[in-house]
Amino acid sequence: MTRVLISVEQIAVRAGVDTTWVQELVQVGVIEPEPDQPDLFRPEVSLRVQKVARLERDLGVNPEGAAVILDLLDYIEQLERRAG
């Protein structure tokens with residue numbers, strides 16, 4: 001099975017943000033590349049980048065805080081699926 005992976009540039013285009021900002025998100029650990037391919041990401045990472053950008057823009061949350069918020073929302077979603 002072939003995995004589709006995308007670059008930092010593709011994430012930036014999909015999320016409507018600057019490539020440098022995406023690279024900063026990688027440096028602080030908000031998003032992570034594939035372990036075996038450090039310059040490539042799963043396509044759904046672009047959605048996370050969009051959400052981080054929106055939290056930063058609309059609520060003034062820094063990227064690290066946005067990551068915590070998104071992780072908690074993901075955890076809640078997992079709990080709801082288990083319960084449901």
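This is a predicted model: local features need pLDDT of at least 70, side-chain atom pairs count only at pLDDT 80 or more; totals for chains, interfaces and linings use all residues.
**The whole chain.** Begin by displaying the complete chain as a cartoon. There are 4 helices and 0 strands to find, and reading along the sequence gives the pattern α-α-α-α. Along the principal axes, the C-alpha atoms fill a box of roughly 40 × 35 × 20 Å. Among contacts between residues at least 6 apart in sequence, 55% join residues at least 24 apart.

**The nonpolar core.** Next, select Val17, Val22, Ile31 and Val49. These residues have the most contacts inside the largest nonpolar core, which has 21 residues. Then colour α1 (8-15), α2 (19-27), α3 (45-59) and α4 (63-83), the elements that each give two or more residues to this core. The most comes from α3, with 5 residues.

**Around Val49.** Keep Val49 selected and show its surroundings. Apart from neighbours within four places in sequence, the contacts of Val49 are Ile11, Ala15, Val17, Trp21, Val22, Leu25 and Ile31.

**The surface.** Now switch to a surface view. The chain exposes about 5,800 Å², of which carbon and sulfur atoms supply 53%. Of its 84 residues, 32% count as buried.

**A nonpolar patch.** Finally, select Ile69, Leu73 and Ile76, which form a nonpolar patch on the surface with about 240 Å² of accessible area together. Ile76 lies in helix α4. Ile76 counts as partly exposed because its relative accessibility is 42%, between the cut-offs of 20% and 50%.

Terms used:
Residues are numbered from 1 along each chain as its sequence is written. Side-chain values use heavy atoms; hydrogens and water are left out. A nonpolar core is a set of buried Ala, Val, Leu, Ile, Met, Phe, Trp, Tyr and Cys residues joined through side-chain atoms within 4.5 Å. Buried means under 20% relative accessible area, exposed over 50%, partly exposed in between (1.4 Å probe, protein chains only). Contact means heavy atoms within 4.5 Å. Patches are made of residues with over 30% relative accessible area and no salt bridge: like charges are joined within 9 Å, nonpolar side chains (Val, Leu, Ile, Met, Phe, Trp, Tyr) within 5 Å. Accessible areas come from the Shrake-Rupley method with a 1.4 Å probe; for residues, only the protein chains shown count as cover. A salt bridge is a side-chain nitrogen of Lys or Arg within 4 Å of a carboxyl oxygen of Asp or Glu.
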